[in-house]
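The following paragraphs trace side-chain contacts through the structure, taking aromatic rings and charged groups in turn. Please keep the sequence and the coordinates in view while reading.

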Amino acid sequence: MDQEDVTAGLHCLVTGATGYIGGRLVPELLDAGHRVRCLARTPEKLRDHPWAGRAEAVRGDVLDPDSLRAAMHGVDVAYYLVHTLGSGSGFEATDREAARNFAEQARAAGVSRIIYLGGLTPADVPEDELSPHLRSRAEVGDILLRSGVPTTVLRAAVIIGSGSASFEMLRYLTERLPVMVTPSWVSTRIQPIAVRDVLRYLVGSVDMPAEVNRTFDIGGPDVVTYREMMEEYAAIAQLRKRLILPVPMLTPRLSSHWIGLVTPVPRSIARPLAESLKYEVVCAEHDIRRYVPDGPGQPFTFERALTLALQRVREANVTTRWSSASVPGVPSDPLPTDPDWAGGSLYVDERKAEVDAPPEALWSAIESIGGDNGWYSFPLAWAVRGWLDRAVGGVGLRRGRRDATRLRVGDSLDFWRVEEIERGHLLRLRAEMRLPGLAWLELYAERNGTGGVRYRQRALFHPRGLLGHAYWWSVSPFHAIVFGGMARNITRAALSPKRAEPVEPASALQRGGAGA
């Protein structure tokens, strides 16, 4: 592949774009100058991605050769990022058929390279003795390598990034159980890899010479046990040291039931993952660096990868969108198509109300919240919460606010702090009260679909440990009174004639933006 071709960019087909890796790979390819076509059974699921307007989306299915044939037309590189994990007992046969369809259509279309992300398998275990999950991933790789199209098969173990099934299982187990009776596989050695490194290798593989047709083991620099991964998670997440008691008689089947009880990861996904964890999965080589060189600090250490992933969990959809504390759009940010259980524990109380008032009036009511103006609902409940906070050494409600009508980033506001403000559109507050977790309150003035004005309110809580979860569920019965009353009274306050004053500078709402 000559330099002119690389500079001009390649035409890449991405299957699995609604999934964890695919949805993060697409913007990386676009930013590298490539054109991207996404194949999805339901292309509508892609429209809320930030990159949706830059990539082509076509309807199709890897089990439908005709749709694959159309999708492969004019494609240089085809990414195979689909598998049917969790889709029933026949998933191996389904994976086999899908891979054969993909290989045949790629060869017929003259595709220059297939790139597949599979699973790292143990070197000393025959393929027919592997778990069905690992065996199927290995078989798919073999089918693609025999396709007649130059193929790159990247094999990874646990991918460290908020949203991946393996990492979410690690997250929930560690977070929710201060004392764990665990299967013997917690002593199994694993070589995890950061999602950023996975994406870097996936993007860099497009430039491999045509004669390269092989597998590559990819992993970070650290080899750790699952127990060490949980202990490191607890330390970085500032949880108490976990007591881990391995019990050999816990089979993969029992393990999957246990994981299903403790975590929201579906048992149909938890079981094959648990079965795979009994194998030691360590890279046998790092030949990928010959074709995709590692830069300084690459690949990321486990600690660094975990720290970055946990940062995204704590910030969730908050600072990743609005704050300068992190860069929006990084690979481990939550995506609209992530499963409901991904992204860590983030509890959300969201309320909306249509407002028959000018946007300036609604914003005035929002910006006036707190201090002597109060919190628009159940004053006694707010006062009691302030007293309780002071009783345990917190700031309580005594700080008030700097100005009665205008706020700015960094202002203290009772036991909150203004973390972000987009005048006329968004006020986001971060809690500074004593809590077993992190909390935010977001208040929006935005346009609805008919050009009217809507008030939207989100209370978000990221719990720390079991106590954090217990705290949320203990106070959630009062949310209808506190947060429901707040939404109703803010919209009523917006109807006051004195609220209709110009907002400067021009708000995102006035410019037609409604985004969150």
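Tyr347, Phe461, Tyr471, Trp472 and Trp473 make up one aromatic cluster in this predicted model. Within it, the ring centres of Phe461 and Trp472 lie 6.0 Å apart. Their planes meet at 10 degrees, and the pair therefore counts as stacked, since planes under 30 degrees apart fall into that class. Phe461 belongs to strand E19 and Trp472 to helix H14 (residues 465-475), so the contact ties together parts that are 11 residues apart in sequence. Both residues, Phe461 and Trp472, are buried.

A search of the whole structure gives 9 aromatic pairs. One of them joins Tyr80 and Tyr116, with 5.8 Å from centre to centre and 55 degrees between the planes, a tilted arrangement. Tyr80 is in strand E4 (residues 77-80) and Tyr116 in strand E5 (residues 113-119), so this pair connects parts 36 residues apart in sequence. Tyr80 and Tyr116 are both buried.

Side chains of opposite charge can pair when their charged atoms come close. Glu442 and Arg458 form a salt bridge with an N to O distance of 2.9 Å. Glu442 lies in strand E18 (residues 437-447) and Arg458 in strand E19 (residues 453-463), 16 residues apart. Both Glu442 and Arg458 are buried.

A further salt bridge, between Glu446 and Arg456, has an N to O distance of 2.9 Å. Why do Glu446 and Arg456 count as buried? Glu446 has a relative accessibility of 4% and Arg456 one of 7%; both count as buried because the limit is under 20%. Glu446 and Arg456 also belong to a network of salt bridges that includes Glu350, Glu354 and Arg454.

The whole structure holds 23 salt bridges. Among them is the one between Glu280 and Arg189, at 3.1 Å from N to O. This pair links distant parts of the chain, 91 residues apart: Glu280 is in the loop between helix H10 (267-276) and helix H11 (302-319), and Arg189 is in strand E9 (residues 189-190). Glu280 is partly exposed, at 40% relative accessible area, and Arg189 is partly exposed at 38%.

Charged groups also meet aromatic rings. The charged end of Arg200 sits over the ring of Tyr201, 4.5 Å from the ring's centre. Arg214 lies over the face of Phe216, 4.2 Å from the ring centre.

Note on methods: Residues numbered from 1 in each chain as written. Predicted model: local features only at pLDDT ≥ 70, side-chain atom pairs only at ≥ 80, totals over all residues. Heavy atoms only, no water. Salt bridge = Lys/Arg side-chain N within 4 Å of Asp/Glu carboxyl O. Helix = DSSP H or I, 4+ residues; strand = E, 2+ residues; numbered from the N terminus. Buried < 20%, exposed > 50% of the residue type's maximum accessible area, 1.4 Å probe, protein only. Phe/Tyr/Trp six-rings, centres within 6.5 Å; stacked < 30°, edge-to-face > 60°. Lys NZ or Arg CZ within 6 Å of the ring centre and 35° of its normal.
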